[in-house]
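These are my notebook entries on one protein model. I set down what I looked up, topic by topic.

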Amino acid sequence: MEPWQRAFLHPCVAHRGWSGGAPENTMAAFRLAISEPAVHWLELDVHLSKDDVPVVIHDSTLNRTTNDKGRVRDRTARELSRVDAGSWFHPVYAGEPVPALEQVLALAAGRCRLNIELKEDGPDKDRLARNVTQLIRRYCLERDVVITSFDPALIAAAKKHLPVVETGLIVDKRSARLMDKLRSLGASNLSIEYRSVNASLLKEAEAAGIRIMAWTVNDRRDLSRLVAMPQPFQICTNYPDRWLAAVQEGAGSRA
Ligand code: G3P
Ligand code: CA
């Protein structure tokens, strides 16, 4: 296969931005990802702030990825724009804030598509889905995003508020009647841990009209193996540079 065919069959999704090169889920990581012309997708995680603004952070607390502590839901978006979500990764990123989803939409519009993962363990699932879909509408990105979640209730809520939006269920592994479950949710995408991606799953998904994203593929050998597969699926990685190297492997050799 030619490199362009591998890239076409297995588009790169920059996981939490280019999170191997800059602090995850920050504008620095998203900017770095879109600085690579071959990257056409960003993945990001969204929670609600205290004032119900969708903000971009993986965990429900600030503890792991900022210089602060406590629940994201207990801070306003303005307060979150002042925490330091960069220093833990490298001092050069000191002062990188927790971004609002709106900032990422503005950055990506017209350049890159988004896989927006909704995260909400509490009672505010509907509110999160409503506020995220309102923003997507405001930026006219209905056709440029996929809303994903481990939680079927969040997918159903997103579909309720924005029926045209594509949605996807995230799972760790394959299970019985998975395609039926997706169909009943109206979901057209399945994000699945990459070790579960094989020819049999891809065949089943293709027959059901489901697109697959394999997460999170960081090891170079795994990337090489996956980009050589003939069936189409997205590859979510912290390292778009490794994805690109895997895609270009053998370039010129006609192997
Ligand atoms: O979207 C797939 C992947 O991001 C799910 O896992 O924990 O990185 O959000 P996590
Ligand atoms: Ca995620």
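What percentage of the 255 residues in the protein do buried residues make up? I find 53%, where buried means under 20% relative accessible area, exposed over 50% and partly exposed in between, with a 1.4 Å probe and protein chains only.

**Conventions.** I note that this is a predicted model, in which local features need pLDDT of at least 70 and side-chain atom pairs count only at pLDDT 80 or more, while totals for chains, interfaces and linings use all residues. Residues are numbered from 1 along each chain as its sequence is written, chains are lettered from A and ligands numbered from 1 in the order in which they are written, and side-chain values use heavy atoms, with hydrogens and water left out.

**Overall form.** I looked up the secondary structure and recorded 10 helices and 9 strands; helices (H or I, at least four residues) and strands (E, at least two) are DSSP runs, numbered from the N terminus. The radius of gyration is 18 Å, which agrees with the value near 18 Å for a compact globule of 255 residues; the radius is taken over C-alpha atoms, and the globule rule is 2.2 Å times the number of residues to the power 0.38. Along the principal axes, the C-alpha atoms fill a box of roughly 55 × 45 × 30 Å.

I then turned to contacts, meaning heavy atoms within 4.5 Å. Of those between residues at least 6 apart in sequence, 54% join residues at least 24 apart.

**Calcium site.** I looked up the donors of the calcium ion (ligand 2) and found Glu43 (OE), Asp45 (OD) and Glu117 (OE), at 2.1 to 2.2 Å. Donors are N, O and S atoms within 2.8 Å of the metal (3.2 Å for Na, K and Ca), and water is not among the atoms, so sites may look incomplete. Along the chain the donors follow the spacing E-x1-D-x71-E. Glutamate 43 belongs to strand β2 (residues 41–48) and glutamate 117 to strand β4 (residues 113–118), so the pair ties together parts that are 74 residues apart in sequence. Are these two glutamates buried or exposed? Glutamate 43 is buried at 4% relative accessible area, and glutamate 117 is buried at 5%.

**Tryptophan 41.** This residue also lies in strand β2 and counts as buried, at 9% relative accessibility. Leaving aside residues up to four places away in sequence, I list among its contacts Pro11, Cys12, Leu114, Val146 and Gln234. Its C-alpha atom is separated by 19 Å from that of serine 224, 183 residues away along the chain.

**Helix α2.** I checked residues 27–34 and found 6 of the 8 buried, so helix α2 is largely enclosed by the rest of the structure. The buried residues are Met27, Ala28, Ala29, Phe30, Ala33 and Ile34. They pack against β1 (12–15), β2, β3 (54–56) and α4 (101–108).

**Aspartate 222.** I placed this residue in helix α9 (residues 220–227), buried at 16% relative accessible area. It touches Tyr194 and Val217, not counting residues up to four places away in sequence.

**Positive phi.** Most residues other than glycine have a negative phi. I noted aspartate 52, with a positive phi of about 65°, in the loop between β2 and β3. Arginine 177 has a positive phi of about 60°; it lies in the loop between β6 (166–171) and α7 (178–185) and is exposed at 64% relative accessibility.
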